[in-house]
Amino acid sequence: MSANLLSPVLTSLQLATVTTAVLLLLGVPLAFALSQMRGVLRGLLESLVAVPLVLPPTVLGFYLLLLLGANGPLGSLGLVFSFPGLVIGSVLFSLPFMVRPAQSAFEAIPASVFEAGASLGLGPWQRFITLALPMAKTGVVSGAMLSFAHTLGEFGVVLMVGGNIPDKTRVLSIAIFDAVEQADYAQAHILSLALVLFSFAAMLLVSTLALRGGRS
Amino acid sequence: MRAGLLLLFGWLAACAPAHDRPVLIATASSFRPALEAIRSELQQMCATSISISSASTGALITQANQGAPFDLLISADIELSKLVKAASIDPPFARSPLALWVRPEASRAGPVAIANPATAPFGRAAMQVIGKSDIELVTANSASQAFSFVKSGAASAGYVPLVLLKGAKIPKDDYEVIDPDSYFAVMLQVLRLNDHPQTDCLARSLAGEALWPHLAEFGYELP
C-alpha cells in the first residue's frame with residue numbers, strides 16, 4: 001500500500017483507538033451514573049449527551065474551532081489542526097454512541113443486585129466495578145465498537161477542527177474527499193471500499209454481541 | 001485540574017502520528033497537480049521533504065488565521081491573500097487561465113459547474129464571464145471539485161482552471177480557453193507563514209526560472 005493510502009488509514013485507526021479509550025474511561029462511568037439517576041438532572045444530562053446524534057457535525061466543528069482556534073479562549077493550547085484537537089472533537093461527537101448502549105445495559109441489571117451489594121458493604125464505586133461492569137459488558141463492548149466505527153467514518157467535525165494535514169489530521173474520510181476532489185477515483189475507491197468492509201464487519205460484530213446478550 | 005489537562009493533552013500529542021517535520025505547503029487546489037509534478041525536484045533543490053494540503057484559497061486562509069501549521073500558502077487570489085494575518089506575501093509568480101470544459105458525450109443540458117465564488121477565485125472569474133445569464137449552475141467547494149463534477153458527469157460542463165485540464169490530458173477539442181480580457185487575472189503567489197529554515201528556498205524556487213518550463217507545460221503564464 002502506498003504512503004498516500006497508508007497514512008490516512010493509520011491516522012484514522014489511531015484516532016479511533018484513542019477516542020474509544022477516552023470514551024471507555026469517561027463515557028462508561030457517565031452511563032452508569034445516568035442509569036442510577038432520577039429526575040430533572042438525568043433528563044438534562046441525557047439530552048446533552050444525545051445532542052450530537054441530531055446536531056450537524058459542522059455545528060459542533062464550528063464551535064470547537066471558535067473555542068480552540070488561535071483567537072479562541074483555549075487558543076493558547078494549540079489544539080486546533082492537531083491530533084489532540086481531533087480526539088477532543090471525536091470524543092464529543094461519539095459520546096452518545098458509547099453512553100447509550102452502556103446505559104441501557106446498566107439499566108437492565110435488576111436493582112436488587114445493587115441492593116445486595118450495598119447490604120454487603122460495597123460502596124458505589126465498588127458496585128460499579130465488581131457488579132455493574134461485568135454484567136453490562138455486552139453493552140459496553142457494543143458501545144466501544146460503535147464509537148470506534150463512528151469515529152472512523154466521521155467527516156464534518158474532523159474537517160473543521162483538523163483541516164487536511166498529511167500524516168497528522170488527514171483521516172480516511174478526509175482522504176476520500178480529497179481524492180474525489182482531485183478526481184483521483186482509483187484512490188477514492190480503495191479507501192472507500194476499506195471503510196465499507198470495516199463498517200460492515202463492525203456492525204456484524206455489534207449485532208452478534210447484541211444477540212448473545214439477548215440470549216444470556 | 002490544569003495540570004491534569006496538560007498531562008492529557010501531552011499524552012494525546014504523544015499518540016499523534018510521528019512525523020519528522022516536513023515543510024507543510026497549503027495550496028490552492030488548482031495548483032496541486034502542478035505542485036505534485038514538481039514536488040521531487042523542489043525537495044531536491046531545497047533538501048527537504050514536503051507535505052501538501054489543498055483546498056480553496058478561501059478555506060486555506062481561514063485555516064491559516066485559525067492557527068493551521070502551514071509553512072507556505074500558495075494562494076490563487078491576491079485579494080484574499082491580504083486577509084492572512086502575519087504573513088509575508090511574495091509577488092505573483094504565475095497567471096492561471098480559465099477554460100470552459102464541455103463533456104462531448106453530455107446528452108442533456110445539465111448544470112454547469114463553477115467553484116464557489118466566495119472562496120475560490122476561479123468561481124469569481126467564472127461569474128464574471130457568465131454575467132447575468134440564467135444558466136443552471138452547480139457550485140463546488142473548489143476549482144478541483146468543479147473539475148471533478150464535470151469528470152464524473154454530474155455536470156455537463158464547467159468553468160475550470162486550464163491547468164487541471166492539461167494536467168488530466170483532456171483533449172483540446174473538449175474545452176475552450178476563455179478570453180483573458182473577460183475576467184480578472186487569477187494569479188498565484190506564495191505567502192510565507194512560518195520561519196521553517198527551508199521556506200525561503202522553496203518560495204524562491206517556486207517562482208524561479210528552473211521550474212518554469214514545468215509550470216508552462218500545465219498552461220501557466222507569466223504574470
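**View 1. Contact between chain A and chain B.** In this predicted model, chain A brings 30 residues into contact with 33 residues of chain B. Together the two chains bury about 2600 Å², and carbon and sulfur atoms account for 59% of that area. On the chain A side, Phe81(A), Glu181(A) and Gln182(A) supply 21% of the area buried against chain B, more than any other three residues.

View 2. One salt bridge is counted between chain A and chain B. Its partners are the side chains of Asp178(A) and Arg32(B), with a distance of 2.7 Å from N to O.

**View 3. The side of chain A that touches chain B.** Three helices of chain A, namely H1 (3–36), H4 (83–107) and H9 (172–181), each supply at least two residues of this side. Sorted by class, the residues of this side are 18 nonpolar, seven polar and five charged.

**View 4. The two domains of chain B.** Chain B is divided into domain 1, made up of 19–95 and 188–217, and domain 2, which covers 98–182. The centres of the two domains, taken over C-alpha atoms, are 24 Å apart. Where they meet, 14 residues of domain 1 are in contact with 14 residues of domain 2.

**View 5. The area buried between the domains of chain B.** Domain 1 and domain 2 of chain B bury about 900 Å² between them, with 55% of this area given by carbon and sulfur atoms. Three serines, Ser29(B), Ser30(B) and Ser56(B), supply 44% of the area that domain 1 buries against domain 2, more than any other three residues.

View 6. Between domain 1 and domain 2 of chain B, one salt bridge is counted. Asp77(B) and Arg124(B) form a salt bridge in which the closest N and O atoms lie 2.6 Å apart.

**View 7. The side of domain 1 of chain B that touches domain 2.** Helix H3 (57–65) and helix H4 (78–81) of chain B each supply at least two residues of this side. H3(B) gives the most, with three residues. By class, this side of domain 1 has five nonpolar, five polar and four charged residues.

Definitions and conventions: Residues are numbered from 1 along each chain as its sequence is written. Chains are lettered from A and ligands numbered from 1 in the order in which they are written. This is a predicted model: local features need pLDDT of at least 70, side-chain atom pairs count only at pLDDT 80 or more; totals for chains, interfaces and linings use all residues. Side-chain values use heavy atoms; hydrogens and water are left out. Domain bounds come from an automatic or database domain assignment. Contact means heavy atoms within 4.5 Å. Buried area is the accessible area (1.4 Å probe) that two parts lose on being put together, summed over both. A salt bridge is a side-chain nitrogen of Lys or Arg within 4 Å of a carboxyl oxygen of Asp or Glu. Helices (H or I, at least four residues) and strands (E, at least two) are DSSP runs, numbered from the N terminus. Ala, Val, Leu, Ile, Met, Phe, Trp, Tyr, Cys and Pro count as nonpolar, Asp, Glu, Lys and Arg as charged, and the others, Gly among them, as polar.
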